[in-house]
Amino acid sequence: MLPAAHELQRFLDIATEAALAGGGVLQAYAGKVEAVEKGRPGDLLTEADQAAEAAVLAVIRRHFPEHGVLAEESGLLF
């Protein structure tokens, strides 16, 4: 069964809040990234990536503290 329209709007609002939080962090790092780590071939990681992910996760955890999350940089989080 699909969530009600008001629940879908709530999810969209939270996703938008998370995206804006992460994007704000990335904008703050624009032109200031100093260190780049290499993972798998073609997989680069910067402090900006980690900080943006942390901002997104903070929003998700605030709204859904009981949920686990599979994050790009951090992996599976409970």
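**View A. Gln 50 in helix 2 of a predicted model.** Gln 50 counts as partly exposed, because its relative accessibility is 39%. The residue sits in helix 2. Glu 37 is 13 residues away along the chain.

**View B. Thr 46 and its contacts.** Thr 46 belongs to strand 2, which spans residues 44-46. Its relative accessible area is 14%, so Thr 46 is buried; the cut-off for buried is under 20%. A polar atom of the Thr 46 side chain lies 3.2 Å from the backbone nitrogen of Ala 48. Leaving aside residues up to four places away in sequence, Thr 46 touches Val 33, Ala 35 and Val 36.

**View C. A nonpolar patch on the surface.** Three residues form this patch: Val 33, Val 36 and Leu 44. Together they have about 250 Å² of accessible area. Val 33 lies in the loop between helix 1 (5-29) and strand 1 (36-38). With a relative accessible area of 37%, Val 33 is partly exposed. Val 33 is also among the residues that Thr 46 touches.

**View D. The aromatic pair of Phe 11 and Phe 64.** A search of the whole structure finds one aromatic pair. The ring centres of Phe 11 and Phe 64 are 6.0 Å apart, and the planes stand at 55°, so the pair is tilted. Phe 11 lies in helix 1, and Phe 64 lies in the loop between helix 2 (47-63) and strand 3 (69-71). The pair therefore ties together parts that are 53 residues apart in sequence. Phe 11 is partly exposed, at 34% relative accessibility. Phe 64 is buried, at 14%.

View E. The structure holds two salt bridges. Arg 10 is partly exposed, at 34% relative accessibility. Glu 7 is partly exposed too, at 25%.

**View F. A salt bridge between Glu 17 and Arg 62.** The side chains of Glu 17 and Arg 62 meet with an N to O distance of 2.0 Å. This pair links distant parts of the chain, 45 residues apart: Glu 17 is in helix 1 and Arg 62 in helix 2. Glu 17 counts as partly exposed, at 29% relative accessibility. Arg 62 is exposed, with a relative accessible area of 52%.

Key
Residues are numbered from 1 along each chain as its sequence is written. This is a predicted model: local features need pLDDT of at least 70, side-chain atom pairs count only at pLDDT 80 or more; totals for chains, interfaces and linings use all residues. Side-chain values use heavy atoms; hydrogens and water are left out. Patches are made of residues with over 30% relative accessible area and no salt bridge: like charges are joined within 9 Å, nonpolar side chains (Val, Leu, Ile, Met, Phe, Trp, Tyr) within 5 Å. Accessible areas come from the Shrake-Rupley method with a 1.4 Å probe; for residues, only the protein chains shown count as cover. A salt bridge is a side-chain nitrogen of Lys or Arg within 4 Å of a carboxyl oxygen of Asp or Glu. Helices (H or I, at least four residues) and strands (E, at least two) are DSSP runs, numbered from the N terminus. Buried means under 20% relative accessible area, exposed over 50%, partly exposed in between (1.4 Å probe, protein chains only). Rings of Phe, Tyr and Trp (its six-membered ring) pair if their centres lie within 6.5 Å; planes under 30 degrees apart count as stacked, over 60 as edge-to-face and the rest as tilted. A polar contact is a pair of N or O atoms within 3.5 Å; within protein, one must be able to donate a hydrogen and the other to accept it, and residues adjacent in sequence count only if both atoms are side-chain atoms. Contact means heavy atoms within 4.5 Å.
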